[in-house]
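Please open the structure in your viewer and keep the selection panel at hand. The stops below are meant to be taken in order, each with something to select and something to look for.

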Amino acid sequence: MQFHHHGYVSTDPRIQPAAGVGIDRPDELPAEVDVLIVGTGPAGMITAAQLSQFPGITTRIVERRGGRLAIGQADGIQARSVETFQAFGFAERIIAEAYRITEMAFWKPDPSDPSRIVRHARADDDPTGISEFPHLIVNQARVLDYFAEVMANSPTRMKPDYGYEFRGLEVTGDGDYPVTVTLGQPAGDSEGGERVVRAKYVVGADGARSGVRQAIGCTMAGDQAFHAWGVMDVLAVTDFPDIRTKCAIQSEVGSILHIPREGGYLFRMYVDLGEVAADNKGAIRNTTIEEIIAKANDILHPYTLDVKNVAWHSVYEVAHRLTDRFDDVLPEDLGTRTPRVFITGDACHTHSAKAGQGMNVSMQDGFNLGWKLAHVLEGRSPESLLSTYSAERHVVAQNLIDFDKEWSSLMARKPEELKDPAELETFYTSTAEFPAGFMTQYSPSMLIAEATHGALATGYPIGKRFKSAPVVRVSDTNPVELGHHHRADGRWRVYAFADSAAPGEASAVAEWAEWLRTSPESPLIVHTPKDADIDSVFDVKVVYQQDHTGLDIGRVPETFLPRVGPFELIDYEKVYSAIPARNIFELRGIDRGGAVVVVRPDQYVANVLPLTATDELAAFFRPIFTA
């Protein structure tokens, strides 16, 4: 963490000084805002947390509830989400309180007595080492708490506006605030009241029954599996030996997906309630907690479950649905106007909870959208940038639906219905990259280049997330993860992987750095505001091939040692070297002749170029930025 560059700080450095709209921020919901977010679920809160970093943008997030969520339904945190938490500054703290999944046990009927279950296999949760971050289980409410803390500590001092219910909106197209939103006040001192807020943009993060989605005419299409599950978070006494291990349990009478929870005692069970008749009309949802517990005991035989306390329970039927679009632009209007209203998370896509994807994919929706709104509202980028949100995330949601259909179907089958007794565990391990959140690969667009030079960095496929690797920070000789310094601050990262020459010697990276610092075509010069720090838009870092002991930081080009803040202090934390034992050039397939890797604010690789391709680098950024 870097601070003191604006003067000595003796208090918590996570609390940024109030600035812009955060100075004397009014408690009352304004009549006009730049962005109005409806719903404080994961998608809404990450969008708000991202926008809270921009002092000049007025963002408000409204919620029908009167206060914070106490118990959330989602609890699975995939490694990609933990990477994202690192960007927002709370990965270490949430890891410390969470349950960590390292293995999954698979239980099946005992061949000698099928009425009993036995452990059939174990599988590593991350067999290929796909991420240095763990797979976690933690209550959704705590995730929201951490994002609320990020918002409260931001320059804008943002906090949710509770007690406002979405009633409707109209995109008038008039003036600076072309979206008119009507909000009700269902409780509290203003019960029965109504507020009208005009906004430049609206984000609907208001769940599966989204009013925002309905207001912009999006339709949910899909199917229902007519299979019901009871889910319960409980404290219990049991002789089941894997009660603190994630398990897929298949018996003659049904299945359980068992997930230990944070804190050492709580656990969640998804209990198979069987097929549901098409004419059931939701009656299955009246299944009592006692019936769910009884069914769990039947499945667990010969083990028993004595439930002492129920923190939460519900019954749901699996449904897979996806909206036709993620914004308010109708298909016939594509290319003629840009969106003003967006939907995220469950408002766009619904599926089963058993793959642990809902909260994770929803947060990536919000992360994708938040920085794009900021770029446009700050005048950095054209409004056309916002059209990439629906184009990129709709494909991801469809992939999620397809994956979840297969996984939930496998979980619902009886052991004798499987083609192979090991089919479930094989699917779990062979598809690990998808649920971990790392299969997303955005297609070429104004934000994603063609893979013309992809061979220069094969470990950084264009369109996929930037995968961290260990390096040494030269200035203080600390070993660090390169990707962990990619903060959710709206900046682009430009990584220069040097050729074999050392600093001070004639080299391709030295010429590239000089061009970036001095050329009239350089993105640093063209797109950085004149009154801003030189690294306010582009965070440029260099990784040298030499061991750090052989590098003289005094001979590193000025581009990689920028002066920042009112005192123009030198930032020494942009110069890195490879670690011989785990060399990043080898780990990520980087050409020893050097390469440039461009990474978007949401951590996805946007371009890979040779160090000599300065014209291509400048051309890539021109349509993204307005100046």
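Predicted model: local features only at pLDDT ≥ 70, side-chain atom pairs only at ≥ 80, totals over all residues.

Residues are numbered from 1 along each chain as its sequence is written, and side-chain values use heavy atoms, with hydrogens and water left out.

**Helix H1**

Select residues 42-51, which form helix H1; helices (H or I, at least four residues) and strands (E, at least two) are DSSP runs, numbered from the N terminus. Ten of the ten residues of H1 are buried, so the helix is largely enclosed by the rest of the structure, where buried means under 20% relative accessible area, exposed over 50% and partly exposed in between, with a 1.4 Å probe and protein chains only.

**The nonpolar cores**

In soluble globular proteins, nonpolar side chains tend to be buried together. A nonpolar core is here a set of buried Ala, Val, Leu, Ile, Met, Phe, Trp, Tyr and Cys residues joined through side-chain atoms within 4.5 Å. For the largest core, which has 163 residues, select Phe 147, Trp 492, Phe 497, Trp 512, Phe 560, Ile 584 and Val 597, the members with the most contacts inside it. Helix H8 gives the most to this core, with ten residues. A second, separate core of 26 residues can be found by selecting Met 232, Phe 267, Val 276 and Ile 292, which are among its members.

Return to Trp 512 and show its contacts, a contact being heavy atoms within 4.5 Å. Leaving aside neighbours within four places in sequence, Trp 512 is in contact with Val 494, Ala 496, Val 540, Phe 560, Val 596, Leu 611, Thr 614 and Leu 617.

**The cavities**

How many cavities of 30 Å³ or more are there? The count comes to three. On a 1 Å grid over the protein atoms alone, a cavity is a set of points where a 1.4 Å probe fits but cannot get out, and lining residues have an atom within 4 Å of a point. Grid points are joined across faces, edges and corners, and a volume is the space filled by probe spheres set on the points.

The largest cavity has a volume of about 140 Å³. Select Gln 357, Val 361, Phe 434, Gly 437 and Thr 440, which of its 14 lining residues are the closest to its centre. Helix H2 (79-88), helix H7 (358-377), helix H8 (387-412) and helix H10 (433-436) each supply at least two residues of this lining, and the largest share, three residues, comes from H7.

Next, select Arg 80, Glu 83, Gln 86, Glu 132, Phe 133, Phe 466, Ser 468, Gly 483, His 484, His 486 and Gln 603, which line the second largest cavity. The volume of the second largest cavity is about 100 Å³.

Thr 477 counts as partly exposed, at 42% relative accessibility.

Now select His 301 and Pro 302, which are joined by a cis peptide bond with omega of about 15 degrees. Pro 302 is found in the loop between helix H6 (289-300) and strand S16 (305-323).

For the last stop, select Asn 153, in the loop between helix H4 (140-152) and strand S8 (161-162). Is Asn 153 buried or exposed? At 15% relative accessibility, Asn 153 counts as buried, and, not counting residues up to four places away in sequence, Asn 153 touches Arg 14, Ile 15 and Gln 16.

How values were computed. 1 Å grid on protein atoms, 1.4 Å probe; cavity = no way out; pocket = protein on both sides within 12 Å on 5 of 7 lines; lining within 4 Å.
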